[in-house]
Amino acid sequence: MKKAFERCFTNGIYILNWQHECYEVDSYKSFPIKDEDGAWNPNFLPEGDTVFFLSKDLLSGWIADFNNSSIILVGEKFIETIKDLDFKFLSFDR
């Protein structure tokens, strides 16, 4: 995921975690984000919460949708980058 963010979100990203604090993160640095218990790091898979990883212009991103057990990709360049990185667990519906 870091490679995809670095390629597409050169100005950084917003990480929005449903009913938790939200963050602005530099795409080129690690994600040192923790919850009030010190345990949370952004989860890219739909486990426990719905988490949005969005470009700062809000035109592309990765949404781990817990309610529907799905991952939603937004933005043509970002989708192509994810396809190029060949995540084996993803299948694409158009």
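F78 has a relative accessibility of 1%, so this residue counts as buried; the cut-offs are under 20% relative accessible area for buried, over 50% for exposed and partly exposed in between, with a 1.4 Å probe and protein chains only. This is a predicted model, where local features need pLDDT of at least 70, side-chain atom pairs count only at pLDDT 80 or more, and totals for chains, interfaces and linings use all residues. Residues are numbered from 1 along each chain as its sequence is written, and side-chain values use heavy atoms, with hydrogens and water left out.

Now the rings. Rings of Phe, Tyr and Trp (its six-membered ring) pair if their centres lie within 6.5 Å; planes under 30 degrees apart count as stacked, over 60 as edge-to-face and the rest as tilted. The whole structure contains 4 aromatic pairs. In one of them, F5 and F9 sit 5.4 Å apart at their ring centres with planes at 20 degrees, so they are stacked. F5 is buried at 0% relative accessible area, and F9 is buried at 2%.

F9 also stacks with F78, at 5.0 Å centre to centre and 20 degrees between the planes. F9 is in the loop between α1 (2–8) and β1 (13–17), whereas F78 is in helix α2 (residues 76–85), so this pair ties together parts 69 residues apart in sequence. Helices (H or I, at least four residues) and strands (E, at least two) are DSSP runs, numbered from the N terminus. Ring pairs link F5, F9, F53 and F78 into a cluster.

Last, the hairpin. Strands β4 (residues 61–65) and β5 (residues 70–74) run antiparallel, joined by 5 bridges; strands pair if DSSP finds at least two bridges between them. I63 has I72 of β5 as its bridge partner. The hairpin has 4 residues between the strands, and S69 there takes a positive phi near 50 degrees.
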